[in-house]
Amino acid sequence: MSKIGINELIQIIKDSFEEQKGIKVLSLHFDKRKNTFYGIYVLSLEQSLSFKEEPLLDMTTDIDGHRIIMQELGQILLYSYNFGSINDYLILTELASLDDFEISNSIYYELLYLCEHNVPLQRFDVRLINWIELTDEVHKVRTKSFVEACDDYCIYDSLEYDRELEYKDDIYIQQQFKDVANQLKHKNHNKITEATIEKINQLYIQLQVDLYMTDNKHYK
């Protein structure tokens, strides 16, 4: 860690992004193992609706020797619930629960609570099956990604797979791919209801209004 304390650095990052980019930071967490800050922010309605420039949906930079990865809340929700990205859902729910900084906003808390209790497992199934069946190619990076994806999936539901694939032959690894895809195809997860998706969407819109147009009236 640098001479600047972690709490000071968090405040510097928050203030810097908000002032320079015109955003509202919702949460910010430092992952010591990866030497990386993960942040979630929300765009103003003006930025979201304007066509004059492309909206800032993610930002990556470095400060004081640390990596900073910032993602916009709406994009995280989109990738989680429309495209079945386990990684984005983890950022939203798991990393947010470890925040070193989080605003005290009742709407944000309600949104997180709703997401935590509505895991898009059916979307996860489809995305992981499609990734596995995209190609029969076997190489080190793909094999590592496969194990990591299965590990993440198992946070929410069980899978049987071999985590020690580093020294296994290609035929064995390909069979692992097929076995996991077959398990996923036999899962019986329900889709998240349209009513729930609409509720999450309305909370996201309300959060934008709350933070940018009503003087943060839902702050506690």
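Let me start with a crossing: helices α7 and α8 cross in a left-handed sense. Before going further, please keep in mind that this is a predicted model. In general, two packed helices are described by the angle between their axes and the distance between the axes. For α7 and α8, the axes come within 11 Å and cross at roughly 30 degrees. That makes α7 roughly parallel to α8, because angles under 35 degrees count as roughly parallel.

Which residues in α7 and α8 meet? From α7 there are Arg-142, Thr-143, Phe-146, Cys-150 and Tyr-153. Facing them in α8 are Ile-173, Gln-176, Phe-177, Val-180 and Leu-184. Sorted by class, the contact of α7 with α8 has 7 nonpolar, 2 polar and 1 charged residues.

Now look at the loop that joins this pair. Asp-169 sits in the loop between α7, residues 140–153, and α8, residues 170–185. Is Asp-169 buried or partly exposed? Its relative accessibility is 49%, so Asp-169 counts as partly exposed. The side chain of Asp-169 reaches the backbone nitrogen of Ile-171 at 3.1 Å. Asp-169 and Asn-190 are 21 residues apart along the chain, and their C-alpha atoms are separated by 36 Å.

On to the second pair. Helix α3 covers residues 73–81 and helix α5 covers residues 106–116; their axes come within 13 Å and cross at roughly 15 degrees. That angle makes α3 roughly parallel to α5. The crossing of α3 and α5 is left-handed. On the α3 side, the contact is made by Leu-73, Leu-77 and Tyr-81. On the α5 side, Tyr-108, Leu-111 and Cys-115 make the contact. By class, the contact of α3 with α5 has 6 nonpolar residues, with no polar and no charged ones. As background, an α-helix has 3.6 residues a turn, so residues three or four places apart point the same way.

Let me stay with α3 for a moment. How many of the 9 residues of α3 are buried? The count is 7, and α3 is mostly covered. The buried residues in α3 are Leu-73, Gly-74, Gln-75, Ile-76, Leu-77, Ser-80 and Tyr-81. What caps the N-terminal end of α3? Glu-72 does: a side-chain oxygen of Glu-72 lies 2.7 Å from the backbone nitrogen of Gly-74.

Leaving aside its neighbours within four places in sequence, Gln-75 is in contact with Leu-57 and Asp-58.

Ile-69 is found in strand β4, which spans residues 66–72. With a relative accessible area of 26%, Ile-69 is partly exposed. Which residues does Ile-69 contact, leaving aside its neighbours within four places in sequence? They are Thr-36, Phe-37, Tyr-38, Gly-39, Met-59 and Thr-60. Ile-69 and Tyr-204 are 135 residues apart along the chain, with 21 Å separating their C-alpha atoms.

To recap the two pairs: α7 is roughly parallel to α8, and α3 is roughly parallel to α5. That is the end of my part.

How values were computed
Residues are numbered from 1 along each chain as its sequence is written. This is a predicted model: local features need pLDDT of at least 70, side-chain atom pairs count only at pLDDT 80 or more; totals for chains, interfaces and linings use all residues. Side-chain values use heavy atoms; hydrogens and water are left out. Axes are lines fitted to C-alpha atoms, for helices over the stretch in contact, and angles run from 0 to 180 degrees between N-to-C directions. Helices (H or I, at least four residues) and strands (E, at least two) are DSSP runs, numbered from the N terminus. Angles under 35 degrees count as roughly parallel, over 145 as roughly antiparallel, 65 to 115 as roughly perpendicular and the rest as oblique. A crossing is left-handed if the near helix is turned anticlockwise from the far one by less than a right angle, and right-handed if clockwise. Contact means heavy atoms within 4.5 Å. Ala, Val, Leu, Ile, Met, Phe, Trp, Tyr, Cys and Pro count as nonpolar, Asp, Glu, Lys and Arg as charged, and the others, Gly among them, as polar. Buried means under 20% relative accessible area, exposed over 50%, partly exposed in between (1.4 Å probe, protein chains only). A polar contact is a pair of N or O atoms within 3.5 Å; within protein, one must be able to donate a hydrogen and the other to accept it, and residues adjacent in sequence count only if both atoms are side-chain atoms.
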